[in-house]
There are 2 protein chains.
Amino acid sequence: MLHVKSVEEARPVLRELWATGKSIGSVHTLGALHAAHAEVIKRSAAENDQTIVTVYPNRIQLFPGSVYQYDLGADLALAESCGATVVISSDDEEMYPPEYATFIDQGQAHHRLNSSVFDFASRGQVTGAIRWISLCRPTVSYFGMKDIEQALLVQRAVRDLLIDCEIRHVPCVRIAGTGVPVSSRLRFLPPERLAEVGSIYTMLEAGRQMVRDGAHDADAVIDRMRAMLDKSLSTFQVVYVTIVDVEQFAPLSRVESPFILHCAVTDGDLHHFDGLCIRTPEDLANSPEMIWLHDAGRG
Amino acid sequence: MLHVKSVEEARPVLRELWATGKSIGSVHTLGALHAAHAEVIKRSAAENDQTIVTVYPNRIQLFPGSVYQYDLGADLALAESCGATVVISSDDEEMYPPEYATFIDQGQAHHRLNSSVFDFASRGQVTGAIRWISLCRPTVSYFGMKDIEQALLVQRAVRDLLIDCEIRHVPCVRIAGTGVPVSSRLRFLPPERLAEVGSIYTMLEAGRQMVRDGAHDADAVIDRMRAMLDKSLSTFQVVYVTIVDVEQFAPLSRVESPFILHCAVTDGDLHHFDGLCIRTPEDLANSPEMIWLHDAGRG
C-alpha cells in the first residue's frame, strides 16, 4: 500500500493510476478509522482494482476550534488490512490556504437533519467529499448510510455537477444485539449509555413498522416514537424526531415511501444522530439493509 | 468534428477520449459564437490534441425567463472551422431536472462586479463552468478575460475543489481602433453607440495610466475616470466605476498591483461591463495583453 502525504504528492500518483484504466474505488474519511470504515473499505477493495482511502479531518465540517483525535499510523494499518492500495492524507494548511473560497451549496438541505444542530456540518461534509472525488476521479466512491444526510447529498452533488463517478451507499454498520451504529463519536461511551443509544434504533424500527402497518400521519407516528424514546432515555435528551423526504429533507405531513426517519439526542455535550432511510417497498417491509457486527471489539 | 447532443450521449465518447491519454482543451460557451470565441477555440486547438466545445445557454446565469438567441448550426460550423474536435450541446431539460439542487458558492465574490447588477450571474456562471469541466475532464480549460469575474472565479473554484485541470485565461478580444470588446450582447448595436462603448475602454486605460504614474488613492482615481466617462456617454449611463482586489472583488482604498478596474453602464435595458485586470507590473506598465481584431466583420 502506498501512503502519499499531500494532495500535491498525490497528483502524479493519481495520473499514473488513471492511465492504467483500472477501476478505482474511493473511501473518504476524517481519520480515526473503526469497524464501520473497515466494512466500507473492504467493499471497495472487493469491487475495484484499486482502492484509495483519504484521511483528513475536514476542518469545515467539524465544530470550529475542536481537535479531531486520530492516529494516522493506526489508520494506515487498518486501511491496508482491509485492502486499500493508496492512502492520501493532508492537513489544514494544504486543504484550506487563506485564499480558499469555494463551497458546495445545496440550499435548505444543508440546514436540516444533523445540520439543524450543526449548521456548518452538511455544507462542509459535501464540499469535502466533492473535493476528494474531484481529486481522485474514482470509478465508484463509497459512503456509509450511518450518515444518511451526507450519503444522499454527495450523491445529489455528483449527479448535479456531472461528475463521472458512481456513489455507492454502504449499509449502516450496527452492533448485533443492541443496534448501536458504529461511530467514532460513540467510542468512549460506557456500555450502559450505549444501551440508551441502542434504544434509538429500536424506536426507529418501531416507527418504520407503524408506517408499514398503515400509519400515514407523520405527527401521530412521531408522537408515538417520541413517547417511546422519552421512556428509554436517561442521560440523553431528545433534540428532534422527524420524518422527512429523501431529497431536501423537508418534514412530511403524510408518510409514504420514500422517506427518512431521523432522530437527534444530546447529553448537553455529545450529540448523536440516527436514522432509517426507507427508499423502497422492501425497505419499508423489512427495514433497510444493515451490516451487523457480531464482534464489537474488532477494528 | 463530432457533435454529441446530450450529456448522456457524451459520457461514453469522453471515456474513450480519456483512455487515449491525449491532451484535451475545452471551451464552454452559451452559444451564439463570435470572433472572440473563435480566438479561444483556436488557442485550445493549437495547444491540445483534442478540443471540446460545449454549447448550452446556461439557464441559471441568464436573466430569469429570458431567451438566449443562438443558432446551433452556425455555432457548429464556427467551432469546426476553428479546430474543435467535439461539440457537446444540451438543453434545460437535461441540465436542470426538477430535482437539481447543487450550486458553487464563493461568498461575497458572487455579489460584486457584474453580479452587483445581476445577483444570480456569477454563481450561475461558475456552477455552469464547473459542471462542464467535471463532465469533460479537460487538461486545460480556456476562459476569455472579457469576463474577468468568471475567469478568475472559475480558476479559484477549480483550485479549491482540487480538480486536475489548468485554467488558461485568454486575453480579451477587442476591435482595433475602438477598443470595443467583442461580445454577443453588443452585436446589435449601431456604430455610433459602439463608439460610446469604446470610450469605456479609453477610460479604463486612462485609469491604469494614472495608477502607473503614481496615483494610489482609489476614490481620486475613480472620480477622474468617472468624470471622463460622464463626458463621453450619451445613450448609456454609468452604473459603477470601481477598483477592487483580484480575489474577492472587494473595493480597494489604496490601489496597488494586483487590482481590477471595472465599470458597468446601462441604457436602461442593455447592461455592458468592461474591465482591466492588472496582475503584474508589466500589466500596469503596458496594459494587460489584448487580442486586437482588425477585421470586425469576421466570425
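Modeller: A salt bridge is taken here as a side-chain nitrogen of Lys or Arg within 4 Å of a carboxyl oxygen of Asp or Glu. Please bear in mind that the model is predicted.

Colleague: Which residues meet in a salt bridge across the interface of domain 1 of chain A and domain 2 of chain A?

Modeller: The domain assignment gives domain 1 as 2-170 and domain 2 as 184-292 of chain A. Across their interface the rule finds one salt bridge. With an N to O distance of 3.5 Å, the side chains that form a salt bridge are those of R156(A) and E247(A).

Colleague: Which element gives the most residues to the side of domain 1 of chain A that touches domain 2 of chain A?

Modeller: The elements that give two or more residues to this side of domain 1 are α2 (35-47), α5 (114-117), α7 (148-160) and β7 (166-170) of chain A. The one that gives the most, with five residues, is α7(A).

Colleague: How do the residues of that side of domain 1 of chain A divide into nonpolar, polar and charged?

Modeller: The contact takes 24 residues from domain 1 of chain A and 21 residues from domain 2 of chain A. On the domain 1 side, the residues divide into 11 nonpolar, seven polar and six charged.

Colleague: What area is buried between domain 1 of chain A and domain 2 of chain A?

Modeller: On the domain 1 side, R112(A), L113(A) and I148(A) lose the most area to domain 2, together 29% of what that side buries. Carbon and sulfur atoms give 62% of the area buried between the two domains, which is about 1900 Å².

Key. Residues numbered from 1 in each chain as written. Chains lettered and ligands numbered in written order. Predicted model: local features only at pLDDT ≥ 70, side-chain atom pairs only at ≥ 80, totals over all residues. Heavy atoms only, no water. Domains from an automatic or database assignment. Contact = heavy atoms within 4.5 Å. Buried area = accessible area lost by both parts, 1.4 Å probe. Helix = DSSP H or I, 4+ residues; strand = E, 2+ residues; numbered from the N terminus. Nonpolar A, V, L, I, M, F, W, Y, C, P; charged D, E, K, R; others polar.
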